[in-house]
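Visitor: Could you walk me through this model and tell me what stands behind each label?
Guide: Gladly; here it is.

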Amino acid sequence: NEISKTAEMAERIAMTLTRASGDTLAKRQGVDDVAENIRWSLCQVASRAVAGRESLGSLRLVPMMDMINHDQAASKFEELTGEERIEDGSFIDSTE
């Protein structure tokens, strides 16, 4: 199934990174196994990444995004272009 395939691929990535760069990667406090640290890092990225435009790379890590409370009434996710501004306390897109 897809979950098993994903887990197998994540393990292959973790083991490849361990072999290639294990001696230079930092370790988390209390965890000496480099492969375990890489697995933890991959989980952090996978559980917090949000989709973006394919032309700019498909995934984004948005600082503090996982700290925001979820609201069912919230509007859709907006990807910033760098042309936005705040006007009278409201978010204004460059196309408005």
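Guide: What follows is a set of questions about labels, each answered with its cut-off.

Visitor: What should I know before we start?
Guide: This is a predicted model, so local features need pLDDT of at least 70 and side-chain atom pairs count only at pLDDT 80 or more, while totals for chains, interfaces and linings use all residues. Residues are numbered from 1 along each chain as its sequence is written, and side-chain values use heavy atoms, with hydrogens and water left out.

Visitor: How many helices and strands does the protein chain have, and what makes a run count as one?
Guide: The protein chain has 2 helices and 4 strands. Both are DSSP runs numbered from the N terminus: a helix is H or I with at least four residues, and a strand is E with at least two. From the N terminus on, the order is α-α-β-β-β-β. Strand β1 covers residues 50–51 and includes A51.

Visitor: Why is A51 called exposed?
Guide: The relative accessible area decides: under 20% is buried, over 50% is exposed, and partly exposed lies in between (1.4 Å probe, protein chains only). A51 has 58% relative accessibility, so A51 counts as exposed.

Visitor: What makes V62 partly exposed?
Guide: V62 has 33% relative accessibility, and therefore counts as partly exposed. V62 is in the loop between β2 (59–60) and β3 (85–87). V62 and V50 are 12 residues apart in sequence, and their C-alpha atoms are 7.7 Å apart.

Visitor: Why is the contact of E2 and K5 called a salt bridge?
Guide: The term asks for a side-chain nitrogen of Lys or Arg within 4 Å of a carboxyl oxygen of Asp or Glu. For E2 and K5 the N to O distance is 3.5 Å, so the pair qualifies. The two residues are 3 residues apart in helix α1, which means they are separated by about one helical turn. E2 is exposed at 55% relative accessible area, and K5 is exposed at 51%.

Visitor: How many salt bridges does the structure hold, and which other pairs take part?
Guide: The structure holds 3 salt bridges. E11 and R39 meet at 2.7 Å, N to O. E11 lies in helix α1 and R39 in helix α2 (residues 34–48), so this pair ties together parts that are 28 residues apart in sequence. E36 also forms a salt bridge with R39, with the closest N and O atoms 3.2 Å apart. E36 and R39 both lie in helix α2, 3 residues apart, about one turn of the helix.

Visitor: What makes E11, E36 and R39 one network?
Guide: Their salt bridges share partners, and that joins E11, E36 and R39. Each residue is partly exposed: E11 at 30%, E36 at 35% and R39 at 25% relative accessible area.

Visitor: Why can M9, I13 and L17 be called a nonpolar patch?
Guide: Patches take residues with over 30% relative accessible area and no salt bridge; nonpolar side chains (Val, Leu, Ile, Met, Phe, Trp, Tyr) are joined within 5 Å, and like charges within 9 Å. M9, I13 and L17 form such a patch on the surface, with about 240 Å² of accessible area together. That area comes from the Shrake-Rupley method with a 1.4 Å probe, and for residues only the protein chains shown count as cover. M9, in helix α1 (residues 2–21), has 41% relative accessibility and so counts as partly exposed.

Visitor: Which residues line the second largest pocket, and which helix gives the most?
Guide: A pocket is an open set of points on a 1 Å grid over the protein atoms alone, with protein on both sides within 12 Å along at least five of seven lines; lining residues have an atom within 4 Å of a point. T6, M9, A10, E11, I13, R39, L42, C43 and A46 line this one. Helix α1 gives the most, with 5 residues.

Technical notes: On a 1 Å grid over the protein atoms alone, a cavity is a set of points where a 1.4 Å probe fits but cannot get out, and a pocket is an open set with protein on both sides within 12 Å along at least five of seven lines; lining residues have an atom within 4 Å of a point.
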